[in-house]
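User: I would like to learn how the features of a structural model are read, one at a time. Please give the general idea in each case and then apply it to the model shown here.

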Amino acid sequence: MPKKPNNPKLTHLEKEFAAEHEAKLRLAAEYANFQKRVETEKDALRKHASRDLLEKLFPIFDNFYRASMHAPEVSLEDLPNLTEGDYQKIFTYFSGLRLIEHQLEQVLGDAGLKRIPTAEALFDHNLHEAISHEPSVEVPADHIIAEIEAGWTIDGQVVKPAKVRVSKG
């Protein structure tokens, strides 16, 4: 085994190099631990945000359940025999469903979900999916005739394009 030179300057540099190397290894380990901690905190935040949203949805589910318990039981055969009171119950029931729909849209809107507008809108391939192109005298070309399914964005990003019928003019 070769003998190391007994140079004090070289020994000092070797010690300094070893100390720097050790410091860099510690820093790399701390960074890896930091990355793991950030991922864990992000997961916990996601779960907490999901839980908060779900807790806000509970009253809406409760309203749907209450509404379904009071749904008028009417068949097509009953239509000729319905009274004014029956029609009022049906109207009240559907008005209640509309209120629940608005409540749901409000909660989801507060969470960043927004419905893509389609009424009288110009077709935009970034927001809409054309299900059909139809001739129309009333609606100008490349404008939406009707919405088939609602489209949604979250914080400005399209998560589901609106399915629409588009006018050929």
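User: In which helix is Ala 29 found?

Analyst: Ala 29 is found in helix H1. Helices (H or I, at least four residues) and strands (E, at least two) are DSSP runs, numbered from the N terminus. This is a predicted model, in which local features need pLDDT of at least 70, side-chain atom pairs count only at pLDDT 80 or more, and totals for chains, interfaces and linings use all residues. Residues are numbered from 1 along each chain as its sequence is written, and side-chain values use heavy atoms, with hydrogens and water left out.

User: Is Ala 29 buried or exposed, or does it fall in between?

Analyst: The classes rest on relative accessible area: buried means under 20%, exposed over 50%, and partly exposed in between (1.4 Å probe, protein chains only). Ala 29 has a relative accessible area of 40% and is therefore partly exposed. Its C-alpha atom is 24 Å from that of Leu 13, a residue 16 places away in sequence.

User: Where does H1 bend?

Analyst: The bend at a residue is the angle between axes fitted to the seven residues ending there and the seven starting there. In H1 the bend is about 30° at Leu 57, and a proline, Pro 59, follows within four residues.

User: Which residues of H1 are buried, and against which helix do they pack?

Analyst: Leu 57, Ile 60 and Ala 67 are the buried residues of H1, and they pack against H2. In H2 the buried residues are Ile 90, Tyr 93, Ile 100, Val 107 and Gly 109; these pack against H1 and S1. Packing is judged by contact, meaning heavy atoms within 4.5 Å.

User: Which residues make up the largest nonpolar core?

Analyst: A nonpolar core is a set of buried Ala, Val, Leu, Ile, Met, Phe, Trp, Tyr and Cys residues joined through side-chain atoms within 4.5 Å. The largest one here has six residues: Leu 57, Ile 60, Ala 67, Tyr 93, Ile 100 and Val 107. H1 and H2 are the elements that give two or more residues to this core. A second, separate core has five residues, including Ala 121, Ile 144, Ala 162 and Val 166.

User: At what angle do the axes of H1 and H2 cross?

Analyst: Two packed helices are described by the angle between their axes and the distance between the axes. Axes are lines fitted to C-alpha atoms, for helices over the stretch in contact, and angles run from 0 to 180 degrees between N-to-C directions. The axes of H1 and H2 cross at roughly 175° and come within 10 Å. H1 is therefore roughly antiparallel to H2; angles under 35 degrees count as roughly parallel, over 145 as roughly antiparallel, 65 to 115 as roughly perpendicular and the rest as oblique. Among the residues making the contact are Leu 53, Lys 56 and Phe 64 of H1, and Leu 97, Gln 103 and Leu 108 of H2.

User: Which residues does Ile 60 touch, if those up to four places away in sequence are not counted?

Analyst: Ile 60 touches Ile 100, Gln 103, Leu 104 and Val 107.

User: What is the phi of Glu 120, and where is this residue placed?

Analyst: Glu 120 has a positive phi of about 60° although it is not a glycine. It is placed in the loop between strand S1 (113-115) and strand S2 (128-134), and at 77% relative accessibility Glu 120 counts as exposed. Asp 155, also not a glycine, has a positive phi near 50°. Asp 155 is found in the loop between strand S4 (152-154) and strand S5 (157-160), and counts as exposed at 63% relative accessibility. Gly 156 is found in the loop between S4 and S5.

User: Is His 128 buried or exposed?

Analyst: His 128, in strand S2, is buried, with a relative accessible area of 5%. Leaving aside neighbours within four places in sequence, its contacts include Ile 116, Leu 122, Phe 123, Ile 144 and Ala 162.
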